[in-house]
Amino acid sequence: METTVEKRIRVGLDRLMKIEVFVAVTALVSVAVALVLDVLAREVLGNGIFGSQRYAVFSNAVAGLLGFAIVVHLGGHLRISVIDNVFPNNWHDAMGRIADAVSAAICTYFAIYAVDFVKKTATIGDVDAVLGIEVWGVQLILPYIFVASALRYLAFASYPALRPVEKEF
């Protein structure tokens, strides 16, 4: 039986995932629209749409990176299952919690590194040559995915009932 805290965390994580899926799908649709319009303009008008390919690259990066956080939520990451047979079955729950805690720590490390990376990019004023925008805005997705994933793993380690059922591919 889920506690009130577990239920609130589950609802919050589910809502967050829905927002992430919406943003990822919107980004992918915008990639398709930008590229189709670019090809049509190139065929009909003789010139493509300036910046559409670079926009598509940035949008695709956002969608792909959000996929990391979405897959963490859905329990679809690859793991080494051969270790399951090495330890007794009654250790699996504890090992799952330890794995989630370690994953949270790894994501936290990468989140800290990503924040530093984005700060440095903003400090030097790195600007995309085609679109003329500062790239740190697009790079903000990096700290987000690692923070969101670290929080998910922390929730799974703290409340194992929240952990998604692992999917085999």
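Predicted model: local features only at pLDDT ≥ 70, side-chain atom pairs only at ≥ 80, totals over all residues.

Biologist: How do you know that the span of helix 1 agrees with its number of residues?

Modeller: Helix 1 covers residues 4-45, and at 1.5 Å a residue its 42 residues should span 62 Å. The C-alpha atoms at its ends are 60 Å apart, which agrees with that expectation.

Biologist: Which elements are included in the cover of the buried residues of helix 1?

Modeller: The cover includes helix 2 (52-74) and helix 5 (141-158). Among the buried residues of helix 1 are Leu 13, Met 17, Val 31 and Glu 6.

Biologist: What makes Glu 6 a buried residue with no salt bridge?

Modeller: A salt bridge requires a side-chain nitrogen of Lys or Arg within 4 Å of a carboxyl oxygen of Asp or Glu. For Glu 6, the nearest side chain of opposite charge is Arg 10, at 6.8 Å, and Glu 6 has no salt bridge. Beyond its neighbours within four places in sequence, Glu 6 is in contact with Met 1, Tyr 159, Ala 161 and Leu 162.

Biologist: Why is Val 33 called partly exposed?

Modeller: The label applies between the limits of 20% and 50% relative accessible area. Val 33 has 43% relative accessibility and therefore counts as partly exposed. Val 33 also belongs to a nonpolar surface patch of about 630 Å², whose members include Val 29, Val 36 and Leu 40.

Biologist: How many salt bridges does the structure hold, and what makes Asp 128 and Arg 54 one of them?

Modeller: The structure holds 5 salt bridges. In the pair of Asp 128 and Arg 54, the closest N and O atoms are 3.3 Å apart, and the cut-off is 4 Å. Asp 128 lies in the loop between helix 3 (92-124) and helix 4 (136-139) and Arg 54 in helix 2, so the pair ties together parts that are 74 residues apart in sequence.

Biologist: Are Asp 128 and Arg 54 buried or partly exposed?

Modeller: Asp 128, at 6% relative accessibility, counts as buried; Arg 54, at 34%, counts as partly exposed.

Biologist: What separates Asp 116 and Lys 120 along helix 3?

Modeller: They are 4 residues apart in helix 3, and therefore separated by about one helical turn. Asp 116 forms a salt bridge with Lys 120, with the closest N and O atoms 3.1 Å apart.

Terms used: Residues numbered from 1 in each chain as written. Heavy atoms only, no water. Helix = DSSP H or I, 4+ residues; strand = E, 2+ residues; numbered from the N terminus. Expected span 1.5 Å × (residues − 1). Buried < 20%, exposed > 50% of the residue type's maximum accessible area, 1.4 Å probe, protein only. Contact = heavy atoms within 4.5 Å. Lys, Arg positive; Asp, Glu negative; His and termini not counted. Patch = residues over 30% accessible without salt bridge, like charges linked within 9 Å, V, L, I, M, F, W, Y side chains within 5 Å. Areas by Shrake-Rupley, 256 points an atom, 1.4 Å probe, with all protein chains shown as cover.
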